[in-house]
Amino acid sequence: MQLVNLSQFNNVIPSSLLDRIAVEYDVDRCNHIRLPGQAVFACLLDAMLNHGEVSLRVLEETYQRRTGLTADHSSFGKRLGTISPQYFRAIFEFLYDQLSPTIKPGEAKALRIRRIDATTVILSAKLIGFGHLYTNTGQTRTGQGHRSIKSVFSLTEEGLPSFLRLAIAREENSDVKALGRALREHARPNDLWVFDAGCHDRNVMLALHQAKAYFLTPHSTQTLNIDQVVQQTPPEELLSSDPGKQSAHFQVVRVETAAFGNHADKKKWQQMPLVVVQGLRWDLRTKQWKPMTLMTNLPLSADGTRAGLFTFEEVGDIYRRRWEIESFFKFIKQHLGFEHIISRTLTGIEVMIYMSLIAALLMIWYQRVTRIDRGWKAVKIWLSGDAQEWAQDLLFDAMDIRLRKPKRYRRAV
């Protein structure tokens, strides 16, 4: 039984799109005729959907099984190191734009909520010469230990992912630098960036404010000058037991207006007024209420009941949902083999990141179309079966192969 047919796959990522952007990013030159861009895309997608881990050997066997031709695994390794990641980025962005209006119908919100965080992949230091080097013994001689490659992602309110930055500089081992640089690069007016206390550089927050973007993050070690108390909840009104599924998991205790304290440059920080929400969050693991202080540069409403468009309780809920990006990292590592990066070049790693995101978006799209509600493992099983004919057609189209004529290649333009 097939839940999604070939024409539906062709509509979500048309072959004509792949041909057009192949020309735009010059991925089908004559010396790439054996593995043109669309063939690499189809093999990677096929392997990701049908295998727990993608390897160069898996790509070699996938190619031979689908086309009847041979392409050595080393050819895939070399190709991943030279093909333009922008080709795969263009496919991802097209698919992202296709899915964005279908995830949650309705009018666009005035604020775009973007949750941001970073995840790492550990590779042998013998295989790569970049990334963050570390060893168990503290030794850092050439070829010893491992290197971590940090990737910065964001997640929309609707659950759509974006790749923001590959953080490989030594100082970007710290989230302050890795996330801070990504935030500065991608800040746009009316974005609401939600991040944890690991990115606590108030200069980054000021840069967001000056870009007319907003942030929501826990208060860390920054000095605050409190201006006024806006709201305070009497102790007798606070819950003391499990809130249950129907009640809010964040209780507002006290709301204040403030600014970062810095006597040497007070005017600099006064231009960015803060709303500080002190509250209690329900910890599902310990089954206890625990204190949490959040701060944002969303403007306080005239009546003192909201930060921007949100009630103070909603502010707490928005931050609570930041955990969904951690779930996304678990999703791509568990179901799409993201922990097993097969390329050892910066170009190849970027290609694999975009392919992981493309596969993730296809799984989200497929789940929405089929309404399978038995978990992502079930979604992947059904998607891999339904997508086999589509993936093979993409390969045939890429190589200009027709049945009974397996050796006729498309002549590169």
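Which residues in helix 12 meet helix 13, and which residues in helix 13 do they meet?

1. The helix 12 side of this contact consists of Leu362, Met363, Ile364, Tyr366 and Gln367, and the helix 13 side consists of Trp376, Val379, Lys380, Trp382, Leu383 and Asp386. Sorted by class, the contact comprises eight nonpolar, one polar and two charged residues. The structure under discussion is a predicted model.

2. As to geometry, helix 12 spans residues 346-370 and helix 13 spans residues 376-386. The two pack at an angle of about 95 degrees, and their axes lie 10 Å apart. Because angles of 65 to 115 degrees count as roughly perpendicular, helix 12 is described as roughly perpendicular to helix 13.

3. The largest nonpolar core contains 79 residues. Within this core, the residues with the most contacts are Ile13, Phe41, Leu44, Phe88 and Leu362. Helix 12 contributes the most to the core, namely 16 residues. Leu362 also belongs to the contact between helix 12 and helix 13.

4. Leaving aside residues up to four places away in sequence, Leu44 touches Val54, Leu59, Leu80, Phe88, Val351, Met352 and Met355.

5. Of its 413 residues, 48% count as buried. Among contacts between residues at least 6 apart in sequence, 65% join residues at least 24 apart.

Methods. Residues are numbered from 1 along each chain as its sequence is written. This is a predicted model: local features need pLDDT of at least 70, side-chain atom pairs count only at pLDDT 80 or more; totals for chains, interfaces and linings use all residues. Side-chain values use heavy atoms; hydrogens and water are left out. Axes are lines fitted to C-alpha atoms, for helices over the stretch in contact, and angles run from 0 to 180 degrees between N-to-C directions. Helices (H or I, at least four residues) and strands (E, at least two) are DSSP runs, numbered from the N terminus. Angles under 35 degrees count as roughly parallel, over 145 as roughly antiparallel, 65 to 115 as roughly perpendicular and the rest as oblique. Contact means heavy atoms within 4.5 Å. Ala, Val, Leu, Ile, Met, Phe, Trp, Tyr, Cys and Pro count as nonpolar, Asp, Glu, Lys and Arg as charged, and the others, Gly among them, as polar. Buried means under 20% relative accessible area, exposed over 50%, partly exposed in between (1.4 Å probe, protein chains only). A nonpolar core is a set of buried Ala, Val, Leu, Ile, Met, Phe, Trp, Tyr and Cys residues joined through side-chain atoms within 4.5 Å.
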